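Welcome! Have a look at the sequence and the 3D structure below, and then follow the short tour after them.

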Amino acid sequence: MNVLMTSYSRLSSFAQLITLLIVFIFVLALTFYATKWMAKIQKSQFKNSNIEVIETFRLSNTKYIQIVKLGEKYVAIAVGKDTVTFLAELEESQLDLTKTVEGTNTLEFQEILKKVKDLNRKK
């Protein structure tokens, strides 16, 4: 009788573990798809926006200077923890827009890899 109870106890524990894993995987999948759905909604809201951040320069942990395109105008603003201050209106001819791709400064992976290899060679 004791052997039968031990086997049942092990089987019950194993079933609980499997059930817990299935619930965990279900919650992870639900979270993944909910996040993708929310990102899609937010992306569609900004797709036809007249506001675009062209470049951001960090001055400190809570202070930034940003170049923002508002419609057809470019402006420089200072962004603090609780404030946004207008600095200047800029002409498009004053800006170097060749470095920016879709509003962010990006480096190609090959360029980054080359820099890392050069640093390792110098050491």
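A surface patch, as the word is used here, is built from residues with over 30% relative accessible area and no salt bridge, and nonpolar side chains are joined into one patch within 5 Å. Keep in mind that this is a predicted model. Its chain has 123 residues, of which 9% count as buried.

**The overall plan**

- The chain's secondary structure consists of two helices and six strands.
- Read from the N terminus, the order of these elements is α-β-β-β-β-β-β-α.
- If you take the contacts between residues at least 6 apart in sequence, 12% of them join residues at least 24 apart.

**A nonpolar patch on the surface**

- Which residues form the nonpolar patch on the surface? They are Phe 14, Leu 17, Ile 18, Leu 21 and Ile 22, and together they have about 460 Å² of accessible area.
- Leu 17, one of these patch residues, belongs to helix α1, which covers residues 2-47.
- The relative accessible area of Leu 17 is 43%, so this residue is partly exposed.

**An aromatic pair**

- How many aromatic pairs does the count come to? The count comes to one, and the partners are Phe 32 and Tyr 33.
- Their arrangement is edge-to-face, with 5.1 Å from centre to centre and 75° between the planes.
- Phe 32 counts as partly exposed because its relative accessibility is 46%.
- Tyr 33 has a relative accessibility of 57% and therefore counts as exposed.

**Gln 66, in a strand**

- You can find Gln 66 in strand β2, which spans residues 64-70.
- Is Gln 66 buried or exposed? Its relative accessible area is 17%, and buried means under 20%, so Gln 66 is buried.
- The side chain of Gln 66 makes a polar contact, at 3.3 Å, with the side chain of Thr 56.
- Setting aside neighbours within four places in sequence, the residues in contact with Gln 66 include Val 53, Glu 55 and Thr 56, as well as Val 75, Ala 76, Ile 77 and Val 79.

**Gln 94, in a loop**

- Gln 94 sits in the loop that runs between β4 (84-90) and β5 (100-101).
- With 55% relative accessibility, Gln 94 counts as exposed, because exposed means over 50%.
- A polar atom of the Gln 94 side chain lies 2.8 Å from the backbone nitrogen of Glu 91.
- What separation is there between the C-alpha atoms of Gln 94 and Tyr 74? These atoms are 9.9 Å apart, while the two residues are 20 residues apart along the chain.

Methods
Residues are numbered from 1 along each chain as its sequence is written. This is a predicted model: local features need pLDDT of at least 70, side-chain atom pairs count only at pLDDT 80 or more; totals for chains, interfaces and linings use all residues. Side-chain values use heavy atoms; hydrogens and water are left out. Patches are made of residues with over 30% relative accessible area and no salt bridge: like charges are joined within 9 Å, nonpolar side chains (Val, Leu, Ile, Met, Phe, Trp, Tyr) within 5 Å. Accessible areas come from the Shrake-Rupley method with a 1.4 Å probe; for residues, only the protein chains shown count as cover. A salt bridge is a side-chain nitrogen of Lys or Arg within 4 Å of a carboxyl oxygen of Asp or Glu. Helices (H or I, at least four residues) and strands (E, at least two) are DSSP runs, numbered from the N terminus. Buried means under 20% relative accessible area, exposed over 50%, partly exposed in between (1.4 Å probe, protein chains only). Contact means heavy atoms within 4.5 Å. Rings of Phe, Tyr and Trp (its six-membered ring) pair if their centres lie within 6.5 Å; planes under 30 degrees apart count as stacked, over 60 as edge-to-face and the rest as tilted. A polar contact is a pair of N or O atoms within 3.5 Å; within protein, one must be able to donate a hydrogen and the other to accept it, and residues adjacent in sequence count only if both atoms are side-chain atoms.
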